[in-house]
Number of protein chains: 2
Amino acid sequence: MTDVPDNEHTPSGPGKRPTINDVAHLAGVSKKTVSRVINRVATVGEDVRERVDNAICALGFTPNLQARSLAFRRSFLVGLIYDNPSPTYVVNMQLGVLDALGPLGFELVVHPCSREAPSLLDDIRGFVERQRLAGAILPPPLSEDERIIALLRELGCRYVRVAALALDEPEAMVTTNDQLGAAEAARWLVDQGHRRIALVRGPSSFCSSEVRGQGFLSALAERGITLDPACDVAGAYTFESGVEMGHRLLGLADPPTAIFALNDDMAIGVMQAARERGLDLPAQLSIVGFDDLPMAARVWPNLTSVRLPIREMGNMAALKLLAPIVGDALEPLSLPDVRPALVLRQSAIALPGAEPPR
Amino acid sequence: MTDVPDNEHTPSGPGKRPTINDVAHLAGVSKKTVSRVINRVATVGEDVRERVDNAICALGFTPNLQARSLAFRRSFLVGLIYDNPSPTYVVNMQLGVLDALGPLGFELVVHPCSREAPSLLDDIRGFVERQRLAGAILPPPLSEDERIIALLRELGCRYVRVAALALDEPEAMVTTNDQLGAAEAARWLVDQGHRRIALVRGPSSFCSSEVRGQGFLSALAERGITLDPACDVAGAYTFESGVEMGHRLLGLADPPTAIFALNDDMAIGVMQAARERGLDLPAQLSIVGFDDLPMAARVWPNLTSVRLPIREMGNMAALKLLAPIVGDALEPLSLPDVRPALVLRQSAIALPGAEPPR
DNA sequence: CTGAAAGCGCTTACAG
DNA sequence: CTGAAAGCGCTTACAG
């Protein structure tokens, strides 16, 4: 009474996917050998491998991930664990990670969480244990939290950290070289004739703020310029704090002709403060930000800003994470370049009356 | 020579997690009964259930997800399949979905893809089949693609669509009522005395553009206002197209006093066009957008815009998706409200000389 | 280089 | 209401 004949070599019924057994029967080998072919174990005869590959194609077989995960005691999932307030950052990092995962047959599980939460560590522990992650990727600021790193080590969960500084061994790090971008901004401003320059830092607890600030000051020093302490202030990486610091700097007896804010949110806050004080932008004040958010190209005047290749950084993190797992499936790991770049727009210009840059 | 005594009731060795067998032994029942307790099957004696619960607590047992996935032939993963250019939208939807998934023990796998890609359907098929998703959530514009819906049905994959219109049965839909927000914007502009009003639509292929436009026109009509056809234009939901349409509208012999753009990117483009034409904003032109991007509060003048509760929409989608799966674990499904709201800022003001609103 | 057996940790199907 | 057996589809450990 069944339309489909019961055949032990081909799976029957709708929704039935072929298994490793079907492939083994069709190729005339044991399932263990099929398993070896799937897992690219070298010690399989050329002719046998070809028979198996043909059978796999003929049946349209794809190994069941759940079964492999159970037997391997590890899933084919990579976790992105983050506490980052910037949607653009998060989405671009996800895209970069997926660029690498897709071809390797891994998927991305996202796990936003809160640094402040008392349950942070328990939360991450539960996530990693339940999912038996193949690995975790940690963007800043979570990448700077050594408690989390210690936890991942304890759980035996591989990880890669993304941070402005090399906080870990190279295999477990993507270092973003923020200091290079900040230095480029400094040099550019000096070349435009600016001498009285101000810096709006982020919270000192953020590695990125320290590294960017350091890069900026060093580059200025190389040009023989030191910052007036009154021109070295810190906000909270937020728009509102940018407004506040902008007012503080522009209210100085001898206000700066240029302000470098260590992220775009604060730079746009500075812009707002300048406008509230009736300044003509960019004629009376040059402003440079960091991050190159989409917003930077939309505000008026368009914001000159340092761009980090977030997507490439995510890609690199994923490649480093999976390199030891997938082995030969990966080319000699051609890692993308992740150097920052200054994107010139209208918010920063040459100081009126300045010499043209050398 | 082993420090840890081998005991069949407690797992030994580091990294060894207790299994259902350990719980069964400790509670003095079969593993099947433990399974019943885990899965909240009703037919378990009260005393037995308590013994099992105690054993679970004592051992710190959590069921192995990989094993359950294999036996259930379904994972505990929800897929978010999208092709949405707005990072803010994507991140907020992810957060909303996770608000619901976390407490239920499910995780979120993100799957961005491209509508244009010829491999779109194969790509989605592979994703859904390999992961054996518990379900998929589709935000616009993918939610409007009936080919994808047909595919998911064929694969037996549960789904919930998020869209401006009710495109599916209520259990599989989160309808965002965009027309209500557009109507609110229309009424507000009219109340401020505006009569010559323009509309910048998005692509007609987007459901959201049609629904928002419809809501806007209807509300104007109720106040006895019809749009001059020259004031009804369409962009591409991009900043650049907003600039272009802004110039077209402001170049009319009798330009509008207010422009409603169906998303913020275009509204900010219109703002740019107005500035390029030397208009004084908002005095000479009121502008209203839709989406309430973070940028809306940062541009100058701040953009009045319609906000959609994206996070709540994601939450609602996830709750609807899992309701039939988790059953009683869910309260009588107290679904959040997902009505849009007009956020008043500085970019739109009363027409000079207009009567104060009723 | 290849394979038969046992196992990963759960659930389904069937009894009782 | 509870359980012993078989099974989900793979891999590990051990042989040969």
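In chain B, helices H6 and H7 cross in a right-handed way. A crossing gets that name if the near helix is turned clockwise from the far one by less than a right angle, and it is left-handed if the turn is anticlockwise. Helices here are DSSP runs of H or I with at least four residues, strands are DSSP runs of E with at least two, and their numbers start from the N terminus.

This is a predicted model, in which local features need pLDDT of at least 70 and side-chain atom pairs count only at pLDDT 80 or more, while totals for chains, interfaces and linings use all residues. Residues are numbered from 1 along each chain as its sequence is written, chains are lettered from A and ligands numbered from 1 in the order in which they are written, and side-chain values use heavy atoms, leaving out hydrogens and water.

**Helices H6 and H7 of chain B**

- H6(B) covers residues 120–131 and H7(B) covers residues 146–155; their axes are 10 Å apart and form an angle of about 30°. That angle makes the two helices roughly parallel.
- Axes are lines fitted to C-alpha atoms, for helices over the stretch in contact, and angles between N-to-C directions run from 0 to 180 degrees. Under 35 degrees counts as roughly parallel, over 145 as roughly antiparallel, 65 to 115 as roughly perpendicular, and the rest as oblique.
- Contact means heavy atoms within 4.5 Å. On the H6(B) side the residues that meet H7(B) include B:Leu120, B:Ile124 and B:Val128, and among their partners in H7(B) are B:Ile148, B:Leu151 and B:Leu155.
- The residues of this contact are eight nonpolar, no polar and four charged. In this sorting, Ala, Val, Leu, Ile, Met, Phe, Trp, Tyr, Cys and Pro are nonpolar, Asp, Glu, Lys and Arg are charged, and the others, Gly among them, are polar.

**Helices that meet across the two chains**

- Two packed helices are described by the angle between their axes and the distance between the axes.
- For H5(A) and H5(B), each spanning residues 87–104, the angle is about 85° and the axes lie 8 Å apart. These two helices are therefore roughly perpendicular to each other.
- Where they meet, H5(A) brings A:Pro87, A:Thr88, A:Val90, A:Val91 and A:Gln94, and H5(B) brings B:Pro87, B:Thr88, B:Val90, B:Val91 and B:Gln94. By class, this contact has six nonpolar, four polar and no charged residues.
- H4(A) and H4(B) cross at roughly 145°, with axes that come within 8 Å. Their crossing is left-handed.
- A:Gln66, A:Ala67, A:Ser69 and A:Leu70 make this contact with B:Gln66, B:Ala67, B:Ser69 and B:Leu70. The residues divide into four nonpolar, four polar and no charged.

**Around DNA strand C**

- A residue is near a molecule or strand if one of its heavy atoms lies within 4 Å of it. Around DNA strand C there are 26 residues, and A:Thr33, A:Gly45, A:Val48, B:Lys32 and B:Ser35 come nearest.
- H2 (31–38) and H4 (65–72) of both chains each supply at least two residues of this surface, and H4(B) gives the most, with five.
- A polar contact is a pair of N or O atoms within 3.5 Å; within protein, one must be able to donate a hydrogen and the other to accept it, and residues adjacent in sequence count only if both atoms are side-chain atoms.

**Around DNA strand D**

- DNA strand D is surrounded by 26 residues, with A:Lys32, A:Ser35, B:Thr33, B:Gly45 and B:Val48 the closest. Of its atoms within 4 Å of the protein, 66% belong to sugar and phosphate.
- A polar side-chain atom of B:Thr33 lies 2.6 Å from a phosphate oxygen of DNA strand D, and an N or O atom in the side chain of B:Arg36 is 2.8 Å from a base oxygen.

**Backbone features to look for**

- Most residues other than glycine have a negative phi, and most peptide bonds are trans.
- A:Pro140 and A:Pro141 are joined by a cis peptide bond, with omega about 5°. A:Pro141 sits in the loop between strand E3 (135–138) and helix H7 of chain A.
- In chain B, a cis peptide bond with omega about 5° links B:Pro140 and B:Pro141.
- A:Arg132 has a positive phi, near 45°, and its place is in the loop between H6 and E3 of chain A.
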